[in-house]
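The sequence and structure are shown first, and the points follow by topic.

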Amino acid sequence: MTRTSRLVVALASLLLLAVYVTPLWRIELVAPQYPEGLGLRIWVNQITGLKPNDLNSINGLNHYIGMRAIEPAAIPELRFMPQLLAAAVAAGLVVALVGRRWLLYAWAGLFTLGAAVGLGDFWKWGYEYGHQLDPHAAIKVPGMSYQPPLLGSKQLLNFHATSWPDVGGWIAILALVFVVGAAMLEWRRARAIRAGSVGASQPLQASA
C-alpha cells in the first residue's frame, strides 16, 4: 500500500469514532395535528426523540394503531453495535499500520458487507414494527401497514414520514467511500505494476 492509501484508511478509521457521539439515522413524521413534526434519532446504542417528548408521543400514537412500543432497551442490536464499531475502527488502524493490500481488500469488503447488513437489519426492524399489529387496536385500517421508509419519504395515513442518514450516518458513509476508494486505487496500482512487469520481461524473452 502507498503512504497515501495508508493515511486515507487511518483517517477513515478515526472518522468512525465520531459515530459514538452523533446520531446515525433520523425518522421524521409531519401531520396536520403535528405541524412541528415528531421524530426519532437512531444512535449506535440508543434511540431518542428529535425533541424531548417525541419518543413518548410516537409510542402513544403507535398504541392506537396496534404497533409495539419502541423500547431501546429491548433492541439487541443497540447492545452490540458499539463493540462492532470498535472492532471496525481497530481493524482499520491495523490495516493502515501493516500496509498489506490483501488486508485492505478484506477490510473494505467486510466494511461494505457490514453496512449492507446494517441497512437490511434496519429495514427488517421497520417491517416488523409496521406489520406486526395488535388485532385489538383501537384504530384498524384493513390492509394498512405502517412501515417507515428506509430512505426517502412515504405517506402513512395522514403522516408524511421521511427517513435519512443523520450526522453519524453521513460520516460512516464518507468513511466507507474513503476505504473502498483506497482499495480500488490499490487494486488498479497493483494491476499496472503487474502489467509493467510483464511488458518489461517480453523483450528479454524475445532476445533469448
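Leaving aside neighbours within four places in sequence, Asp54 is in contact with Gly37, Leu38, Gly39 and Gly49. The model is predicted.

**Asp54**

- Asp54 is located in helix H2, which covers residues 54-65.
- Its relative accessibility is 3%, so Asp54 counts as buried, the cut-off being under 20%.
- A polar atom of the Asp54 side chain lies 3.0 Å from the backbone nitrogen of Gly39, and Gly39 is also one of the residues in contact with Asp54.
- Asp54 and Ile139 are 85 residues apart along the chain, and 21 Å separates their C-alpha atoms.

**Asp166**

- Asp166 sits in the loop between strand E5 (159-165) and helix H5 (167-207).
- With a relative accessible area of 6%, Asp166 is buried.
- Not counting residues up to four places away in sequence, Asp166 touches Pro23, Leu24, Trp25, Arg26 and Arg41.
- With one of these, Arg41, there is a polar contact from side chain to side chain, at 3.1 Å.

**Glu186**

- Glu186 is part of helix H5.
- Is Glu186 buried or exposed? Glu186 counts as buried, because its relative accessibility is 1% and the cut-off is under 20%.
- Apart from neighbours within four places in sequence, the residues in contact with Glu186 are Met1, Thr2, Ser5, Arg101, Leu104 and Tyr105.

**Helices H1 and H3**

- Helix H1 (residues 3-15) and helix H3 (residues 77-98) have axes that come within 8 Å and cross at roughly 165°.
- H1 is therefore roughly antiparallel to H3, as angles over 145 degrees count as such.
- The crossing in which H1 passes H3 is left-handed.
- On the H1 side, the residues that meet H3 are Arg6, Val9, Ala10, Ser13 and Leu14.
- On the H3 side, the residues are Val89, Gly92, Leu93, Val95, Ala96, Leu97 and Val98.
- By class, the residues of this contact are nine nonpolar, two polar and one charged.

Terms used
Residues numbered from 1 in each chain as written. Predicted model: local features only at pLDDT ≥ 70, side-chain atom pairs only at ≥ 80, totals over all residues. Heavy atoms only, no water. Axes fitted to C-alpha atoms, helices over the stretch in contact; angles between N-to-C directions. Helix = DSSP H or I, 4+ residues; strand = E, 2+ residues; numbered from the N terminus. Parallel < 35°, antiparallel > 145°, perpendicular 65-115°, else oblique. Left-handed = near helix turned anticlockwise from the far one by under 90°. Contact = heavy atoms within 4.5 Å. Nonpolar A, V, L, I, M, F, W, Y, C, P; charged D, E, K, R; others polar. Buried < 20%, exposed > 50% of the residue type's maximum accessible area, 1.4 Å probe, protein only. Polar contact = N/O pair within 3.5 Å; in protein donor to acceptor, adjacent residues only side chain to side chain.
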